[in-house]
Amino acid sequence: MARNHHRQTEIHAQALQRMEGSGMKPNSYTFNVDKWKFIVSTNSDRMDRTSFVSIAPGIAVRADYCIRATEDRIGKYDIRLHMGYSEEERRIVLRNCEIGTTRELKIRDIARLPIEQIIRSYHPPLWSYEITDTGTDIFGPLPDWEHDVLSHVDFPALRRQGPTPDTLKWASRVYSVTQLNKGPATKRLTEVFNIPLRTASHWLTLMKERVPESVSAKLPSPITVHESEPRIAAGQAGAPV
């Protein structure tokens, strides 16, 4: 499973590099898997821009978004994956799937389409938020999570502190973002904090008990989106987002 996640991450990174080199829009990239080649993008026309979900302390994603994947090698497929927040499961799930093609669509064709791989390759934009007396302020989207956010956090200092509130908040952020991107979340904690698997599991238990924001929930309306200058202070150990 870890090898598959590493491969998916590598594919995503390569896709972003190709996107930048080809002049494609920032919200689209090329995704190659087996014999398929898809152009994957955010379908902004079919996205609820007014609703956000908290996935960790200070970290939010849109509660509703649509991934579009188009392919022109084999069947000229046009796939639209409607992702949304499930109140029942308290996480982002696939809510609907539409498949269009220029030829007859057969059941066996649907089974062969790499829909799960497309979802895994897509990393939804992250935002920071502040809940106020009058609603929620949303800032962002945030810069690259791995290279521009996590790289500025002093995780060795957090590890030395032990499971303090600051440490558990960052554990929640690392865990939740990895889980959102369909990766091995507990293993990612061991890598980022450089702790044993047993310690990571213990911290997760404490996190669920002591950090209420670790449980996904819709953010209160009205939502005010500030699409610039995301408020993130990751330069200090345990600094809030």
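**Questions about a predicted fold**

In the protein chain, residues 24 or more positions apart supply 60% of the contacts (heavy atoms within 4.5 Å) that have a separation of 6 or more. This is a predicted model, in which local features need pLDDT of at least 70, side-chain atom pairs count only at pLDDT 80 or more, and totals for chains, interfaces and linings use all residues. Residues are numbered from 1 along each chain as its sequence is written, and side-chain values use heavy atoms, leaving out hydrogens and water.

User: Which helix of the protein chain has the highest confidence?
Analyst: Let's begin with the average pLDDT (the predictor's confidence in each residue, from 0 to 100), which is 83 for the protein chain, with 82% of the residues scoring at least 70. Confidence is lowest in helix H1 (residues 2-22), where the mean is 41. At the other end, a mean of 97 marks the highest confidence, and that belongs to helix H5 (residues 155-161).

User: How many contacts beyond four places in sequence does the model have for residues 233-241?
Analyst: Two stretches deserve a careful eye. Over residues 1-26 pLDDT stays under 50, and the model has 26 contacts beyond four places in sequence there. Residues 233-241 also stay under 50, and the number of such contacts for them is 28.

User: How many strands does the protein chain have?
Analyst: Helices (H or I, at least four residues) and strands (E, at least two) are DSSP runs, numbered from the N terminus. The protein chain has 8 helices, and its strands number 11.

User: Which strands are the edge strands of the open sheet?
Analyst: The sheet has 6 strands with mixed pairing, in the order E10-E3-E4-E8-E9-E11. Two strands pair if DSSP finds at least two bridges between them. Pairing on one side only, the edge strands are strand E10 (217-218) and strand E11 (223-226).

User: What is the bridge partner of Glu-130 in E9?
Analyst: Strand E8 (residues 127-132) runs antiparallel to strand E9 (residues 135-139), and 5 bridges pair them. In E9, Glu-130 is bridged to Asp-137.

User: Why is strand E2 largely enclosed by the rest of the structure?
Analyst: Strand E2 (residues 36-42) has 7 residues, and it is largely enclosed because the number of them that are buried is 5.

User: Which residue in the hairpin of E1 and E2 takes a positive phi?
Analyst: Strand E1 (residues 28-33) and E2 run antiparallel, joined by 6 bridges, and Val-33 has Trp-36 as its bridge partner in E2. The hairpin has 2 residues between the strands, and the positive phi, near 55 degrees, belongs to Asp-34.

User: What is the bridge partner of Thr-42 in E5?
Analyst: E2 also pairs with strand E5 (residues 64-71), in the antiparallel sense and over 5 bridges. Thr-42 is bridged in E5 to Ile-67.

User: Where is Ser-86 found, and which residues does it touch?
Analyst: Ser-86 is found in strand E6 (residues 78-86) and is buried, because its relative accessible area is 11%. Not counting residues up to four places away in sequence, Ser-86 touches Arg-91, Val-93 and Arg-95.

User: Why does H7 count as roughly perpendicular to H8?
Analyst: Helix H7 (residues 185-193) and H8 have axes 9 Å apart. Among the residues making the contact are Leu-189 and Phe-193 of H7, and Trp-203 and Leu-204 of H8. Axes are lines fitted to C-alpha atoms (for helices over the stretch in contact), with angles from 0 to 180 degrees between N-to-C directions; under 35 degrees is roughly parallel, over 145 roughly antiparallel, 65 to 115 roughly perpendicular and the rest oblique. H7 is therefore roughly perpendicular to H8, as they pack at an angle of about 110 degrees.

User: At what angle do the axes of H6 and H7 cross?
Analyst: Trp-170 and Tyr-175 are among the H6 residues that meet H7, where Leu-189 and Val-192 are among the partners. The axes come within 8 Å. H6 is oblique to H7, since the axes cross at roughly 130 degrees.

User: What is the relative accessible area of Arg-198?
Analyst: Arg-198 is found in helix H8 (residues 197-210). Its C-alpha atom is separated by 9.9 Å from that of Thr-186, 12 residues apart along the chain. Arg-198 is exposed, because its relative accessible area is 75%.

Note on methods. Buried < 20%, exposed > 50% of the residue type's maximum accessible area, 1.4 Å probe, protein only.
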